[in-house]
There are 2 protein chains.
Amino acid sequence: MDAPIGVFDSGVGGLTVVREIIRQLPNENIVYFGDTARVPYGGKSKDTILKYSSQIVRFLTSKNVKAIVVACNTVSALVLDEIQSEVDVPVIDVVRPGAKMAVEFTKNHHIGIIGTQATIKSGKYNSYIRTIDPSITVVSKACPLFVPLVEEGLIEDRVTDDIVGRYLQELKEYDIDALILGCTHYPLIRNAIGRYMGDGVKLVNPAYETAKSLKALLEEKGMRNQKEEASRYEYYVSDGKDKFVNFADRVLPLQVEHIEAINIENF
Amino acid sequence: MDAPIGVFDSGVGGLTVVREIIRQLPNENIVYFGDTARVPYGGKSKDTILKYSSQIVRFLTSKNVKAIVVACNTVSALVLDEIQSEVDVPVIDVVRPGAKMAVEFTKNHHIGIIGTQATIKSGKYNSYIRTIDPSITVVSKACPLFVPLVEEGLIEDRVTDDIVGRYLQELKEYDIDALILGCTHYPLIRNAIGRYMGDGVKLVNPAYETAKSLKALLEEKGMRNQKEEASRYEYYVSDGKDKFVNFADRVLPLQVEHIEAINIENF
């Protein structure tokens, strides 16, 4: 099946998931949508996040995607079931793979989770982890300043270190040995987070496991693309293209060739 | 005329303008719209800001407002003319009053402006100032982290002081004696900004002069509300009401009694 895989995010962060899909599934075509006009989702209500996600899913469906990857942690945590009920193709999220990965890593059964306010408030990571292993202790913390700090480019900076220390202090006190980076922007400041948490804490980036889940699913259902031609990557955004391309150039192994701004409210 | 005044902003920041209107025009009724679902506007493109503003103006028109106050600096700077061409009622912005006030204050003819990326990039403050007095030197700087820092509550904090110092260093070197706080969130960290800039720099909050312009306009056109009954204040948002009410309680002199979430995309 050479139909593309649909991937979406509230903005540019989901490109870290695209990068991992390209690496693990180089033969697959991808249609990406980033809601750059309405980003960020992390502080919005469930109703609004559902409305926006439904529009995006209708857009991806119009592109005849064979599967949908919800690259946004906030959407994955809040409205995954609703999205799956709206479409016939399989839907892969980032929260379940991230939870599974953390459970595999932890030895002392203390897992930390960081994410947006909406993701943390949803308690979704906690409930997936407890479903796999009820004996695990979970500590979670919303980190609303991480996204603006990354977007301002303060990757290696004393202010980022200062804020990292404040947000993660509690998690450190709980002696966790695995920390889920539950927002697609956070892997970009993994060095600052790692320095503060120390070598004893494994940083879990759900992108890797998400691409692995996608691959397993496509194989199981016989949906892998068997064609030999070069893969097609199409990117769509709801606001200006330039910012998106700048960010993509930092994250992706390939140049963005097809990019288009669309009116997502029409879907 | 007891028709209300329509006031809008990308989110909650415009309430600092509402506060000033209530103070200077206590007899007027107000309908406020805050686009809390799609906030922030400061990094978006002009096309998107125009689309969102047009929807809001259509909503306010449906409430039969007699004048519209654009409380958002970004909207004022980018699409004021387009908004005015869409409606028959007068439109008041925050940029022209802010520019006028700064020109009145400056003695050494060096004015600084801080705002969102979109506001600063528009050059609108600069061009208004130069129209009034071409001899004035203008230095401007975008401060994208100020809004997230305010929203995270870091009003008096070493991180805010650190970021203030970095953003404003250049402005200090230019020996300005007036600094326009060109974003409705910035007056909330005026102490940190004032400490860094020193007593010789007047901080200009456009909200005061905006309310004054509105008052002068209503008087000139004979549009003041002459009725004696208590004023009505109605608030509308595009996302969750709770966050809005929490912020409003910190800013407004009166409790929010009428608040409603609406689907702004329908306008």
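Where in chain A does A:His109 lie?

1. A:His109 sits in the loop between helix 4 (95-105) and strand 5 (110-115) of chain A. The model is predicted. Phi of A:His109 is near 65°, positive in a residue that is not glycine. A:His109 counts as partly exposed because 15 C-beta neighbours fall inside 10 Å, between the limits of 12 or fewer for exposed and 20 or more for buried.

2. A:Asp175 also has a positive phi, about 60°, and is not a glycine. Its place is the loop between helix 8 (158-173) and strand 7 (178-182) of chain A. With 13 other C-beta atoms within 10 Å, A:Asp175 is partly exposed.

3. Check the cis peptide bonds. One runs from A:Val39 to A:Pro40, with omega near 0°. A:Pro40 is in the loop between strand 2 (30-34) and helix 2 (46-62) of chain A. In chain B, a cis bond joins B:Val39 and B:Pro40, with omega about 0°. B:Pro40 lies in the loop between strand 2 (30-34) and helix 2 (46-62) of chain B.

4. Chain A splits into domain 1 (5-93 + 208-266) and domain 2 (95-206). Their C-alpha centres are 23 Å apart. Domain 1 gives 23 residues to the contact and domain 2 gives 22. On the domain 1 side, helix 3 of chain A has the largest share, five residues. That side holds nine nonpolar, 10 polar and four charged residues.

5. Between the chains, the contact takes 15 residues from chain B and 15 from chain A. Helix 8 (158-173) of chain B gives the most to the chain B side, three residues. By class, the chain B side has six nonpolar, three polar and six charged residues.

How values were computed. Residues numbered from 1 in each chain as written. Chains lettered and ligands numbered in written order. Predicted model: local features only at pLDDT ≥ 70, side-chain atom pairs only at ≥ 80, totals over all residues. Contact = placed C-beta atoms within 7 Å. Helix = DSSP H or I, 4+ residues; strand = E, 2+ residues; numbered from the N terminus. Nonpolar A, V, L, I, M, F, W, Y, C, P; charged D, E, K, R; others polar. Domains from an automatic or database assignment.
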